[in-house]
Every structure is written in C-alpha cells, then in structure tokens.
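We will go from stop to stop, picking a few residues at a time.

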Amino acid sequence: QVRLVESGGGLAQPGGSLRLSCAVSLFGSSSGPDAMGWYRQAPGKERELVAIINSGGNTNYADSVKGRFTISRDNAKITVYLQMNSLKPEDTAIYFCNVKVANLGIDSWGQGSQVTVSS
C-alpha cells in the first residue's frame, strides 16, 4: 500500500547544506498522507523527531534544528523534503522519512539516509 524512497544525504562540512527527499507511492488513499516527517538516529542514541509537516502545511521542529532546517512537502508528487543548512557535527545521524495515513492505519518508514557532518 505504501512505498517510501529516500534520496539525498551524504557528507557535508560544518556550516554546509544538504537536502533530503522522500518520494511516497501510496495506494488506497485519495487524500494523501496526514503527516510526513523526518526522524534521525545517531549511534548509541534513540531515534528522535527532527521535523514534521501535516496535510495543512503546519510544521513542528526539534529545538536543536529550529532556524536551520526546513521541512516542506509537494502534495502533487507526494514528496517530503528536508533542507538542512548550517549543519553541525552533532547533526550526524541516519535520517528516516516517516509517513502516516490515519484512515489506512499506515505508519511507514523509509530506508534511512546517512548524513555525516565533518571537516
């Protein structure tokens, strides 16, 4: 019913930028995802929310990324983006896309994208 394909990520220097994309293939829902978000998991740490955007375009960010990261979505393409600016070494983690569709009981994850910030 749902497939998520992430792209982007990689290596950036401190202060640099990267962009993540997550393309969603969704079957059985005419309204699209209710919420699309990005989470991250650093080595030895639990997965944490980075940013989330709902169907109305309302966003929420972790305090650690506010003012540096921007989440957006293209409803026609069913794609969610994460623009990451002013990257810091502590942003190094595997980033996971997440999609929720309430009426289908969907709460699905992408495959993960490595983001490494290092000089």
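Select Asp 91, which is buried, with a relative accessible area of 1%; buried means under 20% relative accessible area, exposed over 50%, and partly exposed in between, with a 1.4 Å probe and protein chains only. Before going on, a note on what you are looking at: this is a predicted model, in which local features need pLDDT of at least 70 and side-chain atom pairs count only at pLDDT 80 or more, while totals for chains, interfaces and linings use all residues. Residues are numbered from 1 along each chain as its sequence is written, and side-chain values use heavy atoms, leaving out hydrogens and water.

Asp 91 forms a salt bridge with Arg 68, and their closest N and O atoms are 2.7 Å apart. (A salt bridge here is a side-chain nitrogen of Lys or Arg within 4 Å of a carboxyl oxygen of Asp or Glu.) Asp 91 lies in the loop between β8 and β9, and Arg 68 in the loop between β6 (59–61) and β7, so the pair ties together parts that are 23 residues apart in sequence. Strands are DSSP runs (E, at least two residues), numbered from the N terminus. Arg 68 counts as buried, at 10% relative accessibility.

Bring in Arg 40 next. Asp 91 also makes a salt bridge with Arg 40, where the closest N and O atoms are 3.0 Å apart. Arg 40 sits in strand β4 (residues 35–41) and Asp 91 in the loop between β8 and β9 (93–101), so this pair ties together parts that are 51 residues apart in sequence. Arg 40 is buried too, with a relative accessible area of 6%.

Finish this stop with Glu 48, whose side chain meets that of Arg 40 in a salt bridge (2.8 Å, N to O). Glu 48 is partly exposed, at 37% relative accessible area. By the same rule, the count comes to five salt bridges.

## Stop two: the largest pocket

The lining divides into two nonpolar, two polar and eight charged residues.

## Stop three: the disulfide

Select Cys 22 and Cys 97, which are joined by a disulfide (S to S 2.2 Å); the rule asks for a pair of cysteine sulfur atoms within 2.5 Å. The torsion about their S-S bond is about -80°, so the disulfide is left-handed. The pair links distant parts of the chain, with Cys 22 in strand β3 (residues 18–26) and Cys 97 in strand β9, 75 residues apart. Cys 22 counts as buried at 0% relative accessibility, and Cys 97 likewise at 0%. A search of the whole structure finds one disulfide.

## Stop four: Ile 78

Last, select Ile 78, in the loop between β7 (69–74) and β8 (79–84). Is Ile 78 buried or partly exposed? Ile 78 is partly exposed, with a relative accessible area of 21%. Leaving aside neighbours within four places in sequence, Ile 78 is in contact (heavy atoms within 4.5 Å) with Cys 22, Ala 23, Val 24, Pro 33 and Met 36.

Notes. Ala, Val, Leu, Ile, Met, Phe, Trp, Tyr, Cys and Pro count as nonpolar, Asp, Glu, Lys and Arg as charged, and the others, Gly among them, as polar. Helices (H or I, at least four residues) and strands (E, at least two) are DSSP runs, numbered from the N terminus.
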